[in-house]
Amino acid sequence: MSGRDPFCQPRRARHGAALTLVFASVLVAGAATGSFPEADRKPAPDAAGAAVPAGRHEDVARAASEAMADGKSPVEAAERAVSRSGDRWGAVYSRGEYEELEDALDGRYTGVGLSARRERDGRIEVSEVRSGSPAAEAGIRQGDRLRSVDGERVDGRPVTEVVSILRGDAEAEPAGTAVRLGLERGTRAWTETVHRARLSTDPVTVRTLADGLTVVRVVSFTKGVGEQVRGAVERLPSGTGVVLDLRGNSGGLVAEAVTAASAFLDGGLVATYDVDGDQRALHAEPGGDTTRPLVALVDGGTMSAAELLTGALQDRGRAVVLGSRTFGKGSVQMPGRLPGGSVAELTVGHYRTPSGRGVDGVGITPDLEVDPTDPAALDRARTVLSGLGR
């Protein structure tokens, strides 16, 4: 399992999996919640007390309002209401935290520029260092072991929790605040103090291997990613096989995933979903490349919008899916502004693939199961592409 500090869950546990999905990637973590399929993510109403979506949103808003009238915390009251509702993906954010969430979906975040993964023995290893980041300037390298953050041992802890500590709390630990990292490289152990900074994500990378195989890696569906994928595919020579690497992709903006699907489909259905029982559909734009050999590489960290894309390519017979079963995040969240300015983001429906398969709690089963952590996974993808006429 791996994580990147731009997309990780803030320290406070009440945000649960929602922020994990936006900020987990690799991210970084969850929310990438599959919110707002028809737009880049509709903002919550600006005015405190403004109308919110019906149903459970009204219940949560009422709880917050009553708490305010009694001089109690409306955020804590809203969190208790969400917890009682049993909404696995529901979350409550302060105004500042919701703005942070929006920034993450726009591809901006505060962090030190490290990605991390947990090894089988529980050790946390640096899997990537972003060029020009505070971590890079401090000389931290890929492969270094991360032993502690601000004196807290991190061995054995969930990687999303570790990268959450690296990012810090949005209000208490903004850009410019220091964080002490305990590191190890071979026989050398040392402590490095770095300062958090405002960084931008690089969610799409394209690399062409020596034999001409092109790997398009997408780590999250932040704003603009769909067009980046489509542009990358259009620039490739005709007939060149593509591995669409969605391993660790925690999702993001569903509209961006639909645009990415349009790179490989000539219109048609991408997914259906319901909002409080109202059935809706998402369609690809016409004109995509439908003949290029395509393999989608997924794993247990492939979530939400990334699963929606995977399911569409699989159901439409457009890609062979390799890897392991995906996470199983197929629900739709919508936000509503609460009294006091906080925001409740609650589940209002679920997605289905073009063939009608539900994803939530089930995930996508690959056509060919391979160990997605094995370096040989790309070799298997290469073999499949050869059989597809690469």
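Sorted by class, the residues lining the largest cavity come out as four nonpolar, three polar and three charged. Keep in mind that this is a predicted model.

**The cavity**
- The space inside the largest cavity is about 60 Å³.

**Strands β6, β8 and β9**
- Strand β8 (residues 178-185) runs antiparallel to strand β6 (residues 145-149), and four bridges join them.
- Across that pairing, L146 sits opposite L183 of β8.
- β8 also pairs with strand β9 (residues 188-195), again antiparallel, this time over eight bridges.
- Here R180 faces T193 of β9.
- β8 and β9 make a hairpin with two residues between them, and G186 in the turn has a positive phi of about 65°.

**Helices α2 and α3**
- Helix α2 (residues 56-69) and helix α3 (residues 74-85) have axes that come within 8 Å and cross at roughly 145°.
- That crossing of α2 and α3 is right-handed.
- On the α2 side the contact uses R56, V60, A63, A64, A67 and M68, and they meet P74, A77, A78, A81, V82 and S85 of α3.
- By class, the α2–α3 contact has ten nonpolar residues, one polar and one charged.

Technical notes: Residues numbered from 1 in each chain as written. Predicted model: local features only at pLDDT ≥ 70, side-chain atom pairs only at ≥ 80, totals over all residues. Heavy atoms only, no water. Pairing = 2+ DSSP bridges. Axes fitted to C-alpha atoms, helices over the stretch in contact; angles between N-to-C directions. Left-handed = near helix turned anticlockwise from the far one by under 90°. Contact = heavy atoms within 4.5 Å. Nonpolar A, V, L, I, M, F, W, Y, C, P; charged D, E, K, R; others polar. 1 Å grid on protein atoms, 1.4 Å probe; cavity = no way out; pocket = protein on both sides within 12 Å on 5 of 7 lines; lining within 4 Å. Points joined across faces, edges and corners; volume = space filled by probe spheres on them.
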